[in-house]
Amino acid sequence: QVQLQESGPGLVKPSQTLSLTCTVSGASIATGDYYWIWIRQPPGKGLEWVGAIHSSGNTDYSPSLKSRTVMFRDLSKNQFTLQLTSVTPEDTAVYYCARDRYRDATTSSLRGQGTQVTVSS
C-alpha cells in the first residue's frame with residue numbers, strides 16, 4: 001500500500017523559504033512511470049498544481065511559481081522536497097503531495113493528508 005506524508009513548518013515568515021518534505025512508503029519514488037507532485041489549495045480557492053518530479057528525476061514547475069520553486073529528492077530516504085522561496089501571504093495554503101501518471105494532475109486519488117502552511121509575520 002503506497003502512502004504519502006507531508007511534513008514541514010506550519011508557519012513561515014514573509015520573504016523566507018518554505019520547505020516541505022513528502023515521505024513515501026510502499027513504493028520507490030525512483031521506479032515506474034510516475035510523477036511525484038506538489039499541489040496546494042489556498043483558503044477559499046481551488047487546487048493549484050505547484051510542480052512535479054518524475055521518477056527519472058526530471059522536474060517541472062508551474063509557470064507562475066517557476067522562478068521561486070525548486071524540487072529535489074533523497075532516494076536514500078524515499079522522500080521528495082518542495083522549496084518555495086520569497087514567500088508571501090498569498091502562498092498560504094494547504095499543501096499536498098501526490099503521485100500520478102500525469103504531470104500536472106491535481107485530483108490524484110493517491111495523495112497525502114495535506115499540511116497547512118501559513119505565511120505571516
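Visitor: Buried means under 20% relative accessible area, exposed means over 50%, and partly exposed is what falls in between (1.4 Å probe, protein chains only); so which are R68 and D91, buried or exposed?

Guide: Both R68 and D91 are buried. Before going on, note that this is a predicted model, in which local features need pLDDT of at least 70 and side-chain atom pairs count only at pLDDT 80 or more, while totals for chains, interfaces and linings use all residues. Residues are numbered from 1 along each chain as its sequence is written, and side-chain values use heavy atoms, with hydrogens and water left out.

Visitor: OK, and what do R68 and D91 form?

Guide: R68 and D91 form a salt bridge, their closest N and O atoms being 2.9 Å apart; the term stands for a side-chain nitrogen of Lys or Arg within 4 Å of a carboxyl oxygen of Asp or Glu. R68 lies in the loop between strand 6 and strand 7 (69-74), and D91 in the loop between strand 8 and strand 9, so the pair ties together parts that are 23 residues apart in sequence. Strands (E, at least two residues) and helices (H or I, at least four) are DSSP runs, numbered from the N terminus.

Visitor: Which residues join that network of salt bridges?

Guide: Salt bridges with shared partners join R40, E48, R68 and D91 into one network. D91 also meets R40, with the closest N and O atoms 2.9 Å apart, and R40 in turn bridges to E48 at 2.7 Å, N to O. R40 is buried, with a relative accessible area of 5%, whereas E48 counts as partly exposed at 23% relative accessibility.

Visitor: Switching topic: in what order do the six strands of the open sheet run?

Guide: The order is 2-10-9-4-5-6, and the pairing is mixed; two strands count as paired if DSSP finds at least two bridges between them. Strand 2 (11-12) and strand 6 (59-61) stand at the edges with a single partner strand each, so one side of each is left without a neighbour in the sheet. Further in, strand 4 and strand 9 pair in the antiparallel sense over seven bridges, and W36 stands opposite R99 in strand 9.

Visitor: What does the charged end of R99 sit over?

Guide: The charged end of R99 sits over the ring of Y34, 3.8 Å from its centre, and that of R101 sits over the Y34 ring too, at 4.1 Å. The rule asks for NZ of Lys or CZ of Arg within 6 Å of the ring centre and within 35 degrees of the ring normal.

Visitor: And W36, which aromatic cluster is that in?

Guide: W36 forms one aromatic cluster with W38 and F80. Rings of Phe, Tyr and Trp (its six-membered ring) pair if their centres lie within 6.5 Å, with planes under 30 degrees apart called stacked, over 60 edge-to-face and the rest tilted. By this rule there are two aromatic pairs. The rings of W36 and F80 have centres 5.9 Å apart and planes at 55°, so this pair is tilted. W36 belongs to strand 4 (residues 35-41) and F80 to strand 8 (residues 79-84), 44 residues apart.

Visitor: Which residues have the most contacts inside the largest nonpolar core?

Guide: They are L4, L18, V24, W36, W38, F80 and Y95, in a core of 25 residues. Such a core is a set of buried Ala, Val, Leu, Ile, Met, Phe, Trp, Tyr and Cys residues joined through side-chain atoms within 4.5 Å. Strand 3 gives the most to this core, with four residues. Apart from it lies another core of seven residues, among them W49, Y96, A98 and A105.

Visitor: Last one: which cysteines form a disulfide?

Guide: C22 and C97 do, with their sulfur atoms 2.1 Å apart, where the cut-off for a disulfide is a pair of cysteine sulfur atoms within 2.5 Å. The link is right-handed, with 65° about the S-S bond, and joins C22 in strand 3 to C97 in strand 9, 75 residues apart. Both C22 and C97 are buried, and C22 also stands opposite E6.
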